[in-house]
Amino acid sequence: SLKMKTFIVILLLLLSISYTQDSIGQNKATYIDSFIENKMAESGMVGVATAIVIDKKVAWSHGYGYADKDKKTSFTPNTIMNIASISKTITGACLMHAVEENKLSLDVDINNYLPFKVINPFFPNEIITLRNLATHTSGITDQEPLYDNSYYYGGDSPEQLGDFLKNYFDTKGKYYNQDNFLKFKPGKYFNYSNIAAGLAGYIIEIRTGKKLNEYSKHFIFNPLKMDNTGWFFSEINLANHSTLYNRETDTLKVIKPYGLTTYPDGGVRTSVSDLSKFFICLLNGGKNNGVRILKKKSVAEMTKPQFTEAVKPDNVDLVKRNEGLFWAFDNNGKRVGHTGGDPGVRTFMYYDTKEKVGIILFMNTELKEAELKNFRTTVYDEIFKYALTLRDNKTSR
């Protein structure tokens, strides 16, 4: 019958349309895959994993290369590795949680909380607050090579966080030096400090009575089902942990596994797929999959620009940058999130506020600085373009 024929024609048309849309998706996917694989081959990058977040969901995720080259273990979105400074965003969430519990206030003298004194010798009467620590405006600076030497190769650091910090800040401590501080009042100068982040993590531990790894497991990792996430080697499945590599010379070297004494500044070990759960949670005002880990206003406080024309460090141009609480505004404020860099580790967790797409990217190989920068930029930009096509395909359907 005519009706039947019309129906069949329409059905065939619909099938062909959905087929072309899928094959566009397929071709795109194949294109992004070969693009990343080619760049990896060119540069000598061993392993990469990435995820794209659209509408508070993971829209696409993929791994490339090896988590262990010798064993030919694939690097996947479930491969675990240390994420360096993106860990600060988890410390930031713990900070806001402790504030919710009335254990901490962002704007009082941190010496109210500490068993030793933290005083800038150049401004002994000025108070340092948790807000200063979390926006990198405390006047505390990372003494090199002392900070570098606090990395422990061979496993988790045996030196306790509190012992290191006491030695760093107490005038009688073995690491104490006036140069652990800048000649700027708190709030007046932006200076990215890992040790200040370590100090914030330690204050959370003192006030909650829980180690930061336990505290974050209890209210972030467990509720969000981040089962491949922890701070220490002792907490994760090592078989699933990536080897880290260095290719700054022509030979590929394996980097010995290392732990951080000041772990709140960069010690989280997680996977792309686990981290995306946390990222979505922050982008969604503290909730993911019906699970709320923070109040909406806590997330709003953590992720809002803290510097204003009236209150800002002298060396910050607000057009170019701003800071949340352990949260960064990059690319003239268009991207929010955090990045991480450590030996053999480069990580990105960015949300583009204009285009409304998020990208997580993990890399497990140290290259020469210029080559790494080139790889990172070209691969990130290409994933970003792909994210836009996924978003536009989604809205057109």
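Hi everyone, let me start with a cysteine: the sulfur of Cys94 lies 12 Å from the closest cysteine sulfur, in Cys281, and that is too far for a bond. Buried here means under 20% relative accessible area, exposed means over 50%, and partly exposed is in between, with a 1.4 Å probe and protein chains only.

A quick word on what you are looking at. This is a predicted model, where local features need pLDDT of at least 70, side-chain atom pairs count only at pLDDT 80 or more, and totals for chains, interfaces and linings use all residues. Residues are numbered from 1 along each chain as its sequence is written, and side-chain values use heavy atoms, with hydrogens and water left out.

Now, helix H6. Helices (H or I, at least four residues) and strands (E, at least two) are DSSP runs, numbered from the N terminus. Why is H6, residues 212-221, described as largely enclosed by the rest of the structure? Because 7 of its 10 residues are buried. Those are Leu212, Asn213, Tyr215, Ser216, Phe219, Ile220 and Phe221. They cover an arc of only 160 degrees around the axis, so they sit on the same side of H6; the arc is that of the directions from the helix axis to the C-beta atoms. And what do they pack against? Helix H2 (87-100), helix H5 (194-208) and helix H7 (272-283), where contact means heavy atoms within 4.5 Å.

On to a sheet. It is open, has 3 strands in the order S7-S6-S17, and its pairing is mixed. Strands S7 (253-255) and S17 (365-366) are the edges, each pairing on one side only. Two strands pair if DSSP finds at least two bridges between them. S6, residues 244-246, runs parallel to S17 over 2 bridges, with Tyr245 opposite Thr365 in S17.

Last stop, Thr50, which lies in strand S1 (residues 47-54). Is Thr50 buried or exposed? Buried, at 0% relative accessibility. A polar atom of the Thr50 side chain lies 2.9 Å from the backbone oxygen of Ile360. Beyond its neighbours within four places in sequence, Thr50 is in contact with several residues, including Trp60, His62, Tyr64, Val272 and Ile383.

Thanks, everyone!

Note on methods: Disulfide = S-S within 2.5 Å. Polar contact = N/O pair within 3.5 Å; in protein donor to acceptor, adjacent residues only side chain to side chain.
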